[in-house]
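Here is a short briefing to read alongside the model.

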Amino acid sequence: MALTRRKWNNIIIFASIAMVAILTFLDRERQAIPEDAQPLFDQQAPLFQLQYDDLWLAQQGFGWQCDPKVLNCRQWAEAWGGILVSPIAKPTGIASSPHELVIQIRDIETTQLWLFYPEEGLLSSPAGNWYRIPPSLRPSLLPILRLDNP
């Protein structure tokens, strides 16, 4: 059965409308923050220092200072300082390897070793609790690095 030019045009128009509708729906769902998402840090326990593998950021006076290799220091620090997480059950079958996060809270001398799985958007606390980071917040948690070493 051969399709006429008009039928092909109608099929292409319908497929285009369906694709735009699906992509719009997916974009809205990706940007949505879950209702159970809570801040990891707050006014009583704000982030003071963070070490992401061999990169670091620290609060100095009224601003943030980062490893010289990090280009987006302020945005990176604000992303970690304002991170929202949702508690989840322990996930199974994590394919990627974790990055170590050493976190220090202001006015608490002891540091905490967390594990961060950026591809899956997962955090594991020292107590073994698991948290999911909303997809819309994940890209800002990764530092942008300088190509040349200063």
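The notes below go from the overall layout to single residues.

This is a predicted model.

- According to UniProt, in an unreviewed entry, residues 7-26 carry the feature "transmembrane region".
- In the model, residues 7-26 are 100% helix and 0% strand, with 29 Å between the C-alpha atoms at the two ends.

**The sheet and its helix**

- Nine strands make an open sheet in the order β1-β5-β9-β8-β7-β6-β2-β3-β4, and the pairing is antiparallel.
- The edges are formed by β1 (38-39) and β4 (63-66), each of which pairs on one side only.
- Helix α2 (residues 73-81) lies across β2 (47-52), β3, β4, β6 (99-105), β7 and β8 (122-124). The helix runs at about 110 degrees to β2.

**Aromatic residues**

- The structure holds 5 aromatic pairs.
- One of them joins W114 and Y131 in a tilted arrangement, with 6.0 Å from centre to centre and 35 degrees between the planes.
- This pair links distant parts of the chain, as W114 sits in strand β7 (residues 112-117) and Y131 in strand β9 (residues 130-132), 17 residues apart.
- Both W114 and Y131 are buried.
- Ring pairs also link Y52, W76, W80 and F116 into a cluster.

**Two loop residues with positive phi**

- Most residues other than glycine have a negative phi, which makes the next two worth a look.
- D53, in the loop between β2 and β3, has a positive phi near 55 degrees. D53 is partly exposed, with a relative accessible area of 34%.
- D107, in the loop between β6 and β7, also has a positive phi, near 70 degrees. Is D107 buried or exposed? With a relative accessible area of 77%, D107 counts as exposed, because the cut-off for that class is over 50%.

Notes
Residues numbered from 1 in each chain as written. Predicted model: local features only at pLDDT ≥ 70, side-chain atom pairs only at ≥ 80, totals over all residues. Heavy atoms only, no water. UniProt positions renumbered as here; feature names shortened; annotations may be inferred. Helix = DSSP H or I, 4+ residues; strand = E, 2+ residues; numbered from the N terminus. Phe/Tyr/Trp six-rings, centres within 6.5 Å; stacked < 30°, edge-to-face > 60°. Buried < 20%, exposed > 50% of the residue type's maximum accessible area, 1.4 Å probe, protein only. Pairing = 2+ DSSP bridges. Contact = heavy atoms within 4.5 Å. Axes fitted to C-alpha atoms, helices over the stretch in contact; angles between N-to-C directions.
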